[in-house]
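Biologist: Before we discuss this chain, I would like each term to be set against its definition. Could you show me the model and then take my questions in turn?

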Amino acid sequence: MTEEELYGAFEQMPLLEIIRTQDWLSGLVRRRFGRNLALIFTDIAGSTKYFSQFGDEAGRRLQQRHIDTMDEMLKKVDGRIVDTAGDGAFAVAPTAEAAATVLIDVLNAVDLQNAKLDAAHRMHLRCGFHWGNVLTDGNVVTGDAVNFAARVSASAKLDQIRLTRSTF
(Lines give C-alpha, C1' and ligand atoms only; values in the text may rest on other atoms or scores of the structure.)
Protein backbone atom coordinates (compact mmCIF):
# COMPACT_ATOMS: atom_id res chain seq x y z
CA MET A 1 0.00 0.00 0.00
CA THR A 2 1.37 3.39 -0.92
CA GLU A 3 1.43 6.30 1.47
CA GLU A 4 -1.29 7.97 -0.58
CA GLU A 5 -3.50 4.87 -0.39
CA LEU A 6 -2.93 4.62 3.36
CA TYR A 7 -3.94 8.25 3.91
CA GLY A 8 -6.97 7.70 1.70
CA ALA A 9 -8.03 4.73 3.86
CA PHE A 10 -7.77 6.90 6.99
CA GLU A 11 -9.90 9.56 5.31
CA GLN A 12 -12.71 6.99 4.93
CA MET A 13 -12.52 5.56 8.49
CA PRO A 14 -15.19 6.29 11.06
CA LEU A 15 -14.14 8.15 14.23
CA LEU A 16 -14.08 5.06 16.47
CA GLU A 17 -11.74 3.19 14.12
CA ILE A 18 -9.40 6.20 13.92
CA ILE A 19 -9.26 6.43 17.74
CA ARG A 20 -8.55 2.70 18.06
CA THR A 21 -5.90 2.96 15.34
CA GLN A 22 -4.28 5.88 17.18
CA ASP A 23 -4.14 3.82 20.38
CA TRP A 24 -2.65 0.88 18.49
CA LEU A 25 -0.06 3.11 16.79
CA SER A 26 0.91 4.71 20.13
CA GLY A 27 1.45 1.26 21.60
CA LEU A 28 3.50 0.27 18.58
CA VAL A 29 5.72 3.35 18.93
CA ARG A 30 6.31 2.58 22.62
CA ARG A 31 7.04 -1.11 21.95
CA ARG A 32 9.35 -0.53 19.00
CA PHE A 33 11.11 2.66 20.03
CA GLY A 34 10.77 2.96 23.81
CA ARG A 35 13.99 2.29 25.72
CA ASN A 36 15.45 2.97 29.12
CA LEU A 37 18.82 4.68 28.75
CA ALA A 38 21.26 6.71 30.78
CA LEU A 39 21.03 10.26 29.42
CA ILE A 40 24.27 12.20 29.83
CA PHE A 41 24.86 15.91 29.40
CA THR A 42 28.16 17.76 29.66
CA ASP A 43 28.95 21.43 29.20
CA ILE A 44 32.23 23.33 29.09
CA ALA A 45 32.12 25.99 31.80
CA GLY A 46 33.30 29.43 30.72
CA SER A 47 33.59 28.67 27.02
CA THR A 48 32.04 31.96 25.90
CA LYS A 49 34.70 33.90 27.77
CA TYR A 50 37.36 31.52 26.46
CA PHE A 51 36.29 32.12 22.83
CA SER A 52 36.30 35.86 23.43
CA GLN A 53 39.72 35.85 25.06
CA PHE A 54 41.58 33.33 22.85
CA GLY A 55 39.64 33.32 19.56
CA ASP A 56 37.60 30.92 17.51
CA GLU A 57 40.38 28.48 16.67
CA ALA A 58 41.44 27.99 20.28
CA GLY A 59 37.80 27.74 21.33
CA ARG A 60 37.11 25.08 18.72
CA ARG A 61 40.16 23.10 19.89
CA LEU A 62 38.76 23.21 23.42
CA GLN A 63 35.39 21.93 22.17
CA GLN A 64 37.06 19.16 20.18
CA ARG A 65 39.08 18.05 23.20
CA HIS A 66 35.82 17.78 25.11
CA ILE A 67 34.10 15.76 22.36
CA ASP A 68 37.10 13.49 21.78
CA THR A 69 37.40 12.74 25.49
CA MET A 70 33.68 11.99 25.77
CA ASP A 71 33.74 9.79 22.69
CA GLU A 72 36.74 7.80 23.93
CA MET A 73 35.12 7.05 27.29
CA LEU A 74 31.68 6.31 25.81
CA LYS A 75 33.10 3.70 23.43
CA LYS A 76 34.33 1.70 26.44
CA VAL A 77 30.73 1.18 27.65
CA ASP A 78 28.91 0.92 24.30
CA GLY A 79 27.64 4.47 24.67
CA ARG A 80 27.54 7.19 22.05
CA ILE A 81 27.27 10.90 21.53
CA VAL A 82 23.80 11.75 20.28
CA ASP A 83 24.30 15.46 19.66
CA THR A 84 26.59 18.37 20.26
CA ALA A 85 25.45 21.95 20.45
CA GLY A 86 27.56 24.93 21.37
CA ASP A 87 30.04 23.71 23.93
CA GLY A 88 27.99 20.78 25.22
CA ALA A 89 27.39 17.13 24.48
CA PHE A 90 24.36 14.91 24.82
CA ALA A 91 25.20 11.22 25.05
CA VAL A 92 23.60 7.94 26.04
CA ALA A 93 24.88 4.86 27.81
CA PRO A 94 23.21 1.48 28.31
CA THR A 95 23.12 1.65 32.13
CA ALA A 96 23.31 4.22 34.91
CA GLU A 97 26.50 2.55 36.13
CA ALA A 98 28.04 2.97 32.68
CA ALA A 99 27.09 6.66 32.66
CA ALA A 100 28.70 7.18 36.06
CA THR A 101 31.85 5.42 34.86
CA VAL A 102 31.98 7.53 31.70
CA LEU A 103 31.67 10.82 33.56
CA ILE A 104 34.19 9.87 36.25
CA ASP A 105 36.63 8.77 33.53
CA VAL A 106 36.01 11.97 31.54
CA LEU A 107 36.68 14.19 34.55
CA ASN A 108 39.82 12.19 35.41
CA ALA A 109 41.07 12.45 31.80
CA VAL A 110 40.37 16.19 31.75
CA ASP A 111 42.31 16.56 35.02
CA LEU A 112 45.31 14.81 33.42
CA GLN A 113 45.02 17.00 30.32
CA ASN A 114 44.68 20.15 32.43
CA ALA A 115 47.82 19.32 34.44
CA LYS A 116 49.86 19.88 31.26
CA LEU A 117 48.22 23.22 30.43
CA ASP A 118 48.49 26.80 31.59
CA ALA A 119 45.60 27.66 33.93
CA ALA A 120 43.94 29.87 31.31
CA HIS A 121 43.60 26.91 28.91
CA ARG A 122 42.26 24.34 31.35
CA MET A 123 38.86 22.86 30.66
CA HIS A 124 36.19 22.58 33.33
CA LEU A 125 32.96 20.66 32.82
CA ARG A 126 29.49 20.57 34.30
CA CYS A 127 28.10 17.05 34.05
CA GLY A 128 24.85 15.30 34.78
CA PHE A 129 22.87 12.21 33.97
CA HIS A 130 19.49 10.60 34.45
CA TRP A 131 18.17 7.09 33.86
CA GLY A 132 14.88 7.28 32.01
CA ASN A 133 12.53 6.10 29.33
CA VAL A 134 12.93 7.68 25.90
CA LEU A 135 11.92 7.11 22.32
CA THR A 136 14.82 6.24 20.04
CA ASP A 137 15.31 4.82 16.59
CA GLY A 138 19.01 4.26 17.22
CA ASN A 139 19.88 7.78 16.09
CA VAL A 140 17.48 10.32 17.54
CA VAL A 141 16.79 10.17 21.28
CA THR A 142 13.82 12.14 22.55
CA GLY A 143 11.44 12.44 25.46
CA ASP A 144 10.77 14.27 28.68
CA ALA A 145 13.57 12.32 30.38
CA VAL A 146 16.04 14.01 28.00
CA ASN A 147 14.83 17.45 29.05
CA PHE A 148 15.04 16.47 32.71
CA ALA A 149 18.61 15.20 32.29
CA ALA A 150 19.63 18.48 30.64
CA ARG A 151 18.25 20.48 33.58
CA VAL A 152 20.09 18.27 36.06
CA SER A 153 23.36 18.80 34.22
CA ALA A 154 22.87 22.56 34.07
CA SER A 155 22.59 22.64 37.86
CA ALA A 156 26.05 21.10 38.34
CA LYS A 157 28.96 23.12 39.66
CA LEU A 158 32.40 23.17 38.01
CA ASP A 159 33.91 19.70 37.64
CA GLN A 160 30.87 18.15 39.29
CA ILE A 161 28.66 15.23 38.28
CA ARG A 162 24.98 15.58 39.18
CA LEU A 163 22.47 12.77 38.95
CA THR A 164 18.81 12.48 39.73
CA ARG A 165 17.54 11.04 42.99
CA SER A 166 15.67 8.30 41.12
CA THR A 167 18.85 7.34 39.25
CA PHE A 168 20.83 7.14 42.48
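Modeller: Let me begin with charge: Lys and Arg count as positive and Asp and Glu as negative, while His and the chain ends are not counted, and the place of a charge is taken as NZ of Lys, CZ of Arg, CG of Asp or CD of Glu. On that basis the mean positions of the 19 positive and 22 negative charges of the chain lie 8 Å apart. Please keep in mind that this is a predicted model, in which local features need pLDDT of at least 70 and side-chain atom pairs count only at pLDDT 80 or more, whereas totals for chains, interfaces and linings use all residues. Residues are numbered from 1 along each chain as its sequence is written, and side-chain values use heavy atoms, with hydrogens and water left out.

Biologist: What makes up the secondary structure of the chain?

Modeller: Helices (H or I, at least four residues) and strands (E, at least two) are DSSP runs numbered from the N terminus, and the chain has 6 helices and 6 strands, in the order α-α-β-α-α-β-β-α-β-β-α-β along the sequence.

Biologist: How does the radius of gyration of the chain stand against that of a compact globule of 168 residues?

Modeller: The radius is taken over C-alpha atoms, and the globule rule is 2.2 Å times the number of residues to the power 0.38; a compact globule of 168 residues would come near 15 Å, but the chain has 21 Å. Along the principal axes, the C-alpha atoms fill a box of roughly 70 × 35 × 25 Å.

Biologist: Why is Thr167 called buried?

Modeller: Buried means under 20% relative accessible area, exposed over 50%, and partly exposed in between (1.4 Å probe, protein chains only); Thr167 has 14% and is therefore buried. Thr167 lies in the segment after strand 6 (160-163), and, not counting residues up to four places away in sequence, Thr167 touches Ala96, Phe129, His130 and Trp131, where contact means heavy atoms within 4.5 Å.

Biologist: How do you know that the side chains of Thr167 and His130 make a polar contact?

Modeller: Such a contact is a pair of N or O atoms within 3.5 Å, and within protein one must be able to donate a hydrogen and the other to accept it, while residues adjacent in sequence count only if both atoms are side-chain atoms; the distance here is 3.4 Å.

Biologist: And what makes Met73 buried?

Modeller: The relative accessible area of Met73 is 6%, so Met73 is buried. Met73 belongs to helix 4 (residues 56-75) and, leaving aside neighbours within four places in sequence, is in contact with Val102, Asp105, Val106 and Ala109.
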